[in-house]
Amino acid sequence: MSDEAYMGLALELAVKARGKTSPNPLVGAVVVREGQVVGTGYHRQAGGPHAEVFALQEAGPLAEGATLYTNLEPCSHQGRTPPCVEAIMAAGIARVVSAMEDPNPRVAGRGFARMEKAGIRVEKGLMEARARKVNEVFCKFITRGLPFVTLKAAATLDGKIATRTGMSRWITGEESRALVHRLRSCHDAVLTGLGTVLKDDPRLNVRLPEGGRHPLRVLVDSLGRVPPRAKILTPPEKALVAVTDQAPPERVAALRALGVKVLVLPEKAGRVDLKALLKELGRQNVTSLLAEGGGALNYSLLAAGLVDRMHLFLAPLLFGGREAPTCVDGEGIAYLSHAWRLEDLELERYGKDILLTGTVKGGFADVHGPG
């Protein structure tokens, strides 16, 4: 096998823990001696052993003089677990091949430097683009302090998310809805707006046969008008409501009495400042955010330049109607050159539905959040 094949295996191992390592990165490691894989491992959960430790433990004495492949620079600092470079040096690894430098300022090349000083041959940059894609959530969070935002929408072929009378259940099929639950399980938080809560009363939890991690449910509600019995508030310890200082104190107090966390944030034109909300979520170690709102929230997030990726489910239906809501409403753009674009586009089939996934680029607008 080639260096690329071994690095590919490390990347495959890394993604096995997707949604389970936050706020840590996804890391896989492979130990190879004389052309044979003698140890593998991946970081399974935050606070647990790192990928290199698992791989070295499996390799045992065979790690002496071997090559270690890992998709991210081994850590050199003491966190909740000891530095990985110490274990690598102690095991007698002769060569380390890493896809990319750790963007964490606490590491940022220090791991490479320590290993090189110890006489270990270090090679970096192999399959770096793929490695950065695997850890795009971590890279954004650790360098900017902001969660990676994925916008999810489900629409008909003519872009409608409901009929003109408001009927929307269910536009997409069971396969697509099951995937949405898996997406929620992989995100730290789910975001929606008051309009969606008043209309649909969603739970926004994870309902999978095999179980899954329930994300924090974040509601944008500038005046604190959410009904106290809304499903999104149950259980209260997994709910957060973002309001402005214009929210009546008695409403804020009532929500807090339920056990719901309430964030009082700056406002823009009477609406919650979405950029301020994301900064606060970042301070709370929310690394990934799945937006599941209506057209107004979707437009506001796009217009504020806050969306990194979009998942657009398209069902083979046509609703028509000038009054039927679309998946991106708001003021809209004036010129084609201001349109948002989906790049690196991927297309998948789920039952009769099509899923379009892409990186969001471009756009030009200046609006404020809904709610």
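This is a predicted model: local features need pLDDT of at least 70, side-chain atom pairs count only at pLDDT 80 or more; totals for chains, interfaces and linings use all residues.

Trainee: Which residues of helix 11 are the buried ones?

Mentor: They're Gly295, Leu297, Asn298, Tyr299, Ser300, Leu301, Leu302 and Ala303. Around them you'll find strand 6, strand 7 (189-193), helix 10, strand 13 (288-291), strand 15 and strand 16 (353-362), which the buried residues of helix 11 pack against. Look just past the end of helix 11 too: Gly305 has a positive phi there, about 70 degrees.

Trainee: What about the loop between strand 13 and helix 11, which residue is found there?

Mentor: Glu292 is in that loop. Its relative accessibility is 7%, and buried means under 20%, so Glu292 counts as buried. Leaving aside residues up to four places away in sequence, Glu292 touches several others, including Lys152, Arg184, Thr192 and Leu204.

Trainee: Now aromatic pairs. How many does the structure hold?

Mentor: There are 2 aromatic pairs. For each pair, check the ring centres and the angle between the planes. Tyr6 and Tyr69 are 5.1 Å apart centre to centre with 40 degrees between the planes, and that pair is tilted. Tyr6 sits in helix 1 (residues 3-14) and Tyr69 in strand 3 (residues 67-70), so the pair ties together parts that are 63 residues apart in sequence. Tyr6 and Tyr69 are both buried.

Trainee: And how are the rings of Tyr299 and Trp340 arranged?

Mentor: Their centres are 5.8 Å apart and their planes stand at 90 degrees, so that pair is edge-to-face. Tyr299 belongs to helix 11 (residues 295-303) and Trp340 to strand 15 (residues 340-350), so to speak two distant parts of the chain, 41 residues apart, linked by the pair.

Trainee: Are Tyr299 and Trp340 buried or partly exposed?

Mentor: One of each. Tyr299 is buried, with a relative accessible area of 2%, while Trp340 is partly exposed at 22%.

Trainee: How do I describe two helices packed together?

Mentor: You give the angle between their axes and the distance between the axes.

Trainee: Which residues make the contact?

Mentor: Helix 3 brings Val85, Glu86, Ile88 and Met89, and helix 4 brings Gly111, Arg114 and Met115. Sorted by class, that's 4 nonpolar, 1 polar and 2 charged residues.

Trainee: What covers the buried residues of helix 6?

Mentor: First, the buried residues themselves: Glu136, Phe138, Cys139, Lys140 and Phe141 of helix 6 (residues 136-144). Their cover includes helix 5 (128-134), strand 6 (148-156), helix 10 (274-283) and strand 14 (309-315). Helix 6 is followed by Gly145, with a positive phi near 70 degrees.

How values were computed: Residues are numbered from 1 along each chain as its sequence is written. Side-chain values use heavy atoms; hydrogens and water are left out. Contact means heavy atoms within 4.5 Å. Helices (H or I, at least four residues) and strands (E, at least two) are DSSP runs, numbered from the N terminus. Ala, Val, Leu, Ile, Met, Phe, Trp, Tyr, Cys and Pro count as nonpolar, Asp, Glu, Lys and Arg as charged, and the others, Gly among them, as polar. Buried means under 20% relative accessible area, exposed over 50%, partly exposed in between (1.4 Å probe, protein chains only). Rings of Phe, Tyr and Trp (its six-membered ring) pair if their centres lie within 6.5 Å; planes under 30 degrees apart count as stacked, over 60 as edge-to-face and the rest as tilted.
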